[in-house]
Amino acid sequence: MTDSNPRVLYTGDNEGPAVMRLQTLIDNFNASGGWQYRHNEEDMRHELDSRGYYSGLHDNGHYLALNLDKFDLQPGPELYDKPGAVARELGGTPIPVPETPAKGRSAFFAWFDETNANAAKTAAGAFMRDAGYTIAHTGGGCLAWEKKADTAPHWSVWICDEGNGLGIEELGEAFQTAAGFMCQLCHDESGEFITGPDSTIGECMSWATRALADVDAMRIETVLANLAEHNGAILNWQVSGDLADAYRQALAAGAIKMESDCYVHPLASRVSDSAWEMPEACTNHRDNGRGICCDCGAVL
Ligand SMILES: [Zn+2]
């Protein structure tokens with residue numbers, strides 16, 4: 001997708017700082033076991049192109065790579081190293097990298113603009129645009145249909161297909177009828193996200209409309225459903241980071257309670273020191289308007 005080759009400043013726990021071409025850094029990583037955990041060449045290229053920096057963990061420790069050309073930064077000459085060297089000690093006489101890269105729209109945005117233009121030509125693209133959705137780059141080349149909440153800053157919904165794409169090319173004519181879409185309500189700063197249904201685009205959009213209209217209600221509903229699935233209570237330290245804020249909010253709103261380090265569903269009753277249970281499922285569920293039975297707490 002992107003093969004631009006900017007000057008990067010590379011520095012790590014035990015290496016650098018040194019300036020080199022991105023391709024040189026990638027060659028060094030390929031030769032020396034630089035890709036650890038989830039880090040890889042494709043992500044490095046994407047992130048340096050889109051955000052301008054990339055950090056990760058190398059055999060030799062933590063590192064940071066900064067796209068100097070993106071920010072038009074000019075480091076001191078002592079930071080220019082022999083092309084190909086990672087550490088100055090390995091490099092010999094500092095040699096400034098002479099070429100200046102072509103200016104203009106980056107390779108990433110050339111690709112992203114083209115993706116937008118191609119989507120706009122399709123029936124599916126027009127359908128989504130008319131419903132208020134735009135195309136978002138969600139990282140690493142993944143795309144989603146995005147809609148922001150009008151009244152809740154930083155919240156938006158992403159809808160994507162199973163391959164973390166828009167579903168236009170993959171589904172074609174079946175775009176509006178096929179299952180296989182996923183949706184999330186997400187906060188762009190805290191990283192909190194709430195997962196919606198895996199379903200058709202229409203069902204995902206219905207869920208999205210409800211979630212965006214009342215983010216707080218959706219967070220409380222998610223917490224109640226989660227508690228019901230855990231027999232009515234969950235230890236506070238077992239609440240995952242993604243939902244921790246939602247649990248605190250539900251507690252503050254009085255929608256759930258806390259007993260003995262546990263978050264507890266309002267319909268749960270205590271059966272021992274450390275165990276709670278939900279009421280027996282009733283025969284005539286009454287939807288509380290949010291997909292949860294108000295008599296038994298079942299997720300409907
Ligand atoms: Zn019920």
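Helix 2, which spans residues 41–50, is mostly covered, since seven of its 10 residues are buried, where buried denotes 20 or more other C-beta atoms within 10 Å of a residue's own, exposed 12 or fewer, and partly exposed the range in between, with C-beta atoms placed from the backbone. The model is predicted, and local features need pLDDT of at least 70, side-chain atom pairs count only at pLDDT 80 or more, and totals for chains, interfaces and linings use all residues. Residues are numbered from 1 along each chain as its sequence is written. The secondary structure of the chain comes to nine helices and 14 strands, helices (H or I, at least four residues) and strands (E, at least two) being DSSP runs numbered from the N terminus.

**Chain totals and helix 2**

- Of the 300 residues in the chain, 32% are buried.
- Among contacts between residues at least 6 apart in sequence, 50% join residues at least 24 apart, a contact being a pair of residues whose C-beta atoms, placed from the backbone, lie within 7 Å.
- The buried residues of helix 2 are Met-44, Arg-45, His-46, Glu-47, Leu-48, Asp-49 and Ser-50, and helix 2 is followed by Gly-52, whose phi is positive, near 100 degrees.

**Nonpolar cores**

- The largest nonpolar core holds 30 residues, of which Trp-158, Ile-159 and Ala-208 touch the most other members; such a core is a set of buried Ala, Val, Leu, Ile, Met, Phe, Trp, Tyr and Cys residues joined through C-beta atoms within 7 Å.
- At least two residues of this core are supplied by each of helix 5 (123–130), strand 6 (142–148), strand 7 (155–161), strand 8 (181–187), helix 7 (201–213) and helix 8 (215–229), and the largest share, seven residues, comes from helix 7.
- Leaving aside residues up to four places away in sequence, Ile-159 touches Ala-144, Trp-145, Phe-181, Cys-183, Ile-201, Cys-204 and Ala-208.
- A second, separate core of 16 residues includes Ala-233, Tyr-263, Leu-267 and Trp-276.

**Strand 7 and its partners**

- Strand 7 is mostly covered, with seven of its seven residues buried; Trp-155, Val-157, Ile-159 and Asp-161 point one way from the strand, whereas Ser-156, Trp-158 and Cys-160 point the other way.
- Strand 6 and strand 7 run antiparallel and are joined by four bridges, two strands being paired if DSSP finds at least two bridges between them; within this pairing, Lys-147 has Val-157 of strand 7 as its bridge partner.
- The hairpin of strand 6 and strand 7 has six residues between the strands, and in this hairpin His-154 takes a positive phi near 75 degrees.
- Strand 7 and strand 8 also run antiparallel, joined by seven bridges, and the bridge partner of Trp-155 in strand 8 is His-187.

- An open sheet of three strands has the order 10-12-11 with antiparallel pairing, and its edge strands, strand 10 (233–235) and strand 11, each pair on one side only.
- The twist of this sheet averages 30 degrees from one strand to the next.
- Strand 10 and strand 12 pair in the antiparallel sense over three bridges, with Leu-235 standing opposite Cys-262 in strand 12.

- Asn-164, which is not a glycine, has a positive phi of about 55 degrees and lies in the loop between strand 7 and helix 6 (168–171); Asn-164 is partly exposed, with 15 other C-beta atoms within 10 Å.
- Asp-261 likewise has a positive phi, near 65 degrees, and is placed in the loop between strand 11 (257–259) and strand 12 (262–264); Asp-261 counts as exposed because it has 12 C-beta neighbours inside 10 Å.

**Helix 8 against helix 9**

- The axes of helix 8 and helix 9 (residues 241–252) come within 9 Å and cross at roughly 95 degrees, axes being lines fitted to C-alpha atoms, for helices over the stretch in contact, with angles from 0 to 180 degrees between N-to-C directions.
- Helix 8 and helix 9 are therefore roughly perpendicular to each other, on a scale where angles under 35 degrees count as roughly parallel, over 145 as roughly antiparallel, 65 to 115 as roughly perpendicular and the rest as oblique.
- From helix 8, Asp-216, Arg-219, Ile-220, Thr-222, Val-223 and Asn-226 meet Leu-243, Ala-246, Tyr-247, Gln-249 and Ala-250 of helix 9.
- By class, this contact has six nonpolar, three polar and two charged residues, where Ala, Val, Leu, Ile, Met, Phe, Trp, Tyr, Cys and Pro count as nonpolar, Asp, Glu, Lys and Arg as charged, and the others, Gly among them, as polar.

How values were computed:
Contact = placed C-beta atoms within 7 Å.
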